[in-house]
Amino acid sequence: MKRSELVEAVYTCGSCGYCRFGCPVYQQVGFERVSVRGRMQFFKKLLEGKLDFDSCKDELVEAIYQCAGCENCTVECPTGIEFSPICEALREDLVNRGLLPENLKPVRDTLIEKSNPYGEARETRGSWIPKQHVPPKESKYLYFVSCTAAFSLNRVARSVVKILDDIGFEFTILGNEEECCGSPLLRLGEMEAAKEQINKNVEKFDKYGVETIFTACAGCYRTLSHYYPEDFKVLHTVQLFDKLIKEGKLVFDKEFPKKVLYFDGCDLGRHMDIYEEPRNILRAIPGLELVELDYNREKAVCCGGPLMGSFPDLAPNIAAEIVKEASEKGVELILTPCATCMLNFKSGAGVADVQIDVQDIPMFIPKFIKKQEKPKPPEESNP
Amino acid sequence: MEIKDISRLYEIVEKNQITTNKLDLICYSLDLAPLPESLLKSYGMISPDVVVRPKNTQELSQIVAFANQRDIPITPRGAATTAAGGAIPIEGGIVLDLCSLNKVLEFNEEDQYVRVETGLEFQRLIDWLEAKGWQLGAYPSSAPSATIGGYLGAGAGAGVGIPKYGNIGDQIISLKVVLADGRIVQTSPGESWLFIGSEGTLGVIGEIALRVFKKGKRKFYLFGFDSLYAGINALTELIKLRPYFISFLDKGFVTFLNEVGASRLPLKELTVPLVIEGSEQELERDEKKVNEICSAATRYREKLAIEEWHHRFKVGLSFKSLGPSILVQELRVPLVKLEEVLREIKSMLAEERWGIESLASDNNTIVLVVYILADERNKADYFKKFAYIQKFGNLEIDYNSTPFGIGLHNTALMPKIHTEEALQVMRSLKGYLDPKNILNPSKTTQIRVPGLMAASSMKMMGIIPEVVEFGLESASYMPLSLTRLGLKMMGGKLK
């Protein structure tokens, strides 16, 4: 563990408590043990030997896992403490001591065994793929599908493929050869196991001569960008679509005269600083009225999605608050760049007892795309 | 507290509003200051038993009534962003975490007030009002964290808006206060002052009706002054224009900001951010005067001035990593004494790395926030620096000022600030309103100092820091009864 970083943060923290303002967990739980300043206070006692680890092991493990890693605290912190990487390092430390929480062990085992969190067979990962993209071929562009789009939300993957096929964009898909990107294992603190998945993916990227990887999953995008070798260019589909719109290759000609909220999922927003591209895409749809939450972009409050597995009672309640605000603003549709946000908002809408549609951007946009007169021949170079 | 008392609390509020989690009890034992554990122990501190987050004023009243009936100490707590120890539950018992009371209850545009619950953060209220074209007349520099009730309880004397609109206490239309026996009273404007600055020792503020103002146009400035004298003269004149925000950063402070990359300002004796606010005509009039007053100063680009305004809540802690501990002392000084006090501080802190940021306050006073870099891990050095805090206390009294918040650590200064008669009145008031002494006991008028040995060694602070450390350490190992005996001898309260 990067002990020095923790020590530095512990003594740098000024206990001002600004970290609580946009913390999804603190705002829901309400007690200081889940605020970053609170954690710094008891970590200091641990480091100074004034608190015995074993005397409050369960409480500590819970406090370390009860963080969505959304980095809202970092935006607010006057001293710029980055708690999310510290928290991951602490989790790694707990994992090395065999202290992964019991309820997360089956998740971990599934992730390692099946390379996806859904427990589906590896051999079925590519079964949704249209035949023109099977088997994988050499290509500069790779569509990295993600576990969620491959197993749970095929519609997202099919949309991405259809949009790009229609405009003659050349790319390949790894199919059954794709591994989980490693994000869920990283978030659990299972660094070694995550590295294995990362290495396997990198081997495949090299095998097919990939230079640019794009994905519709915000979690994969962040992981591919920050945890993989820098040899590959990584794009999120919102960046790709935004570029295609600007180049006139993607045109919307059908109206959607409704109020829509674009939700800044943390993996794309705070972690990757992408705020405008998704909004640009939605502004290109005629009639669509973009609504903003009171706190948006780098100040957006996380939906709590990353806690769905570990704290299933907590996550939907966090999302419910956002759904309520959206609904009060007359929003009929929430669009997210992230399947985790999407699933959690659906549960949140249930908790809030609010009728609101939630979709992922690739699922939403195909019906507004202007039909091409005739399929264009494949171009020399992709955007 | 007995187990049955905690069980009784579970009957008043829901399970998720109570915690006895060991980690929570650590967090709720502290405020902003990184106090050595030995110091708290030598105060005879008992760990709190339970933290409760009431959902509304009714629940708040029920909890207080119950505590009163069972003689359980109660420490009301906002965001705990002061360093005077006012939120430290020194006698254990119940910590009332009032951050759970964070709703806007009413907004009356016609009568220009907003009614809010006590634990609402200023930042949320500011954002909410400004989106509607309204603004607050006063708020603290810790707005992203500080709560409305906490600011009022702690004295509410400095911050943004005050030079123009005055102390927030004068903007209170009424308070709903829970008295020690659980009764809820609604105050009139004059009566509100009884509870403002009482740090939760006379009652617990539950709701606040607060004046709001139409948001005017704003103009942002940032000036640099080469001499202290010129800077202070300009500052004094600028405050007379009643700006919305005015502050100054001294050379040491800007050096710190530059060192951590939080700014890239030239090093001047004083750097003064200024925001004027009002109608077009008012701005035009004030603009002329500002230019006259600051004609000899360096005026920075407006972009920098706006940045300074946006960073106004963060600058004070942005360089904390340089310590990494910081000792902060707040002094309220009359403007006419400012130059003298600044020179005094300079000579006092000659051996240290320090910087000053100021906040405008009311009645021609200014609050100086002095930051001294320290490292709490180097105990001898840290205690030596602690001694300055005591010297600052005396400095304030010498210059006819008052400490900014009494809390726990400044109680010993009370006999120096007030006459014995005034103190007697305060104590009788406390005795009348809180006869069982359950509300934030050992604070403000109830003088409490660290244990006997620690206290005597504290007098040697600055001379032989090791002695202080020894005193504190030994005091922390003293049996509680002995510590309490020490307290009695030092004039502290003995339960």
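I take buried to mean under 20% relative accessible area. The model I examined is predicted.

I began with strand 1 of chain A, residues 141-144, and looked up where its side chains point. A:Tyr141 and A:Tyr143 point one way, while A:Leu142 and A:Phe144 point the other way. I noted that all of these residues are buried. In a regular strand, side chains alternate between the two faces of the sheet.

**Neighbours of strand 1**

I next asked which strands are joined to strand 1 of chain A. Strand 3 of chain A, residues 212-215, runs parallel to strand 1 and is joined to it by 4 bridges. Here I found A:Phe214 of strand 3 standing opposite A:Tyr143. Strand 2 of chain A, residues 172-173, is also parallel to strand 1, with 2 bridges between them. The bridge partner of A:Leu142 in strand 2 is A:Thr172.

**A:Asp267**

I located A:Asp267 in the loop between strand 5 (259-262) and helix 14 (276-283) of chain A. Leaving aside residues up to four places away in sequence, A:Asp267 touches A:Ala218, A:Gly219, A:Arg222 and A:Met272.

**A:Leu6**

I placed A:Leu6 in helix 1 of chain A, residues 3-12. A:Leu6 counts as buried because its relative accessible area is 5%. From C-alpha to C-alpha, I recorded 17 Å between A:Leu6 and A:Asp52, which are 46 residues apart in sequence.

Technical notes
Residues numbered from 1 in each chain as written. Chains lettered and ligands numbered in written order. Predicted model: local features only at pLDDT ≥ 70, side-chain atom pairs only at ≥ 80, totals over all residues. Heavy atoms only, no water. Buried < 20%, exposed > 50% of the residue type's maximum accessible area, 1.4 Å probe, protein only. Pairing = 2+ DSSP bridges. Contact = heavy atoms within 4.5 Å.
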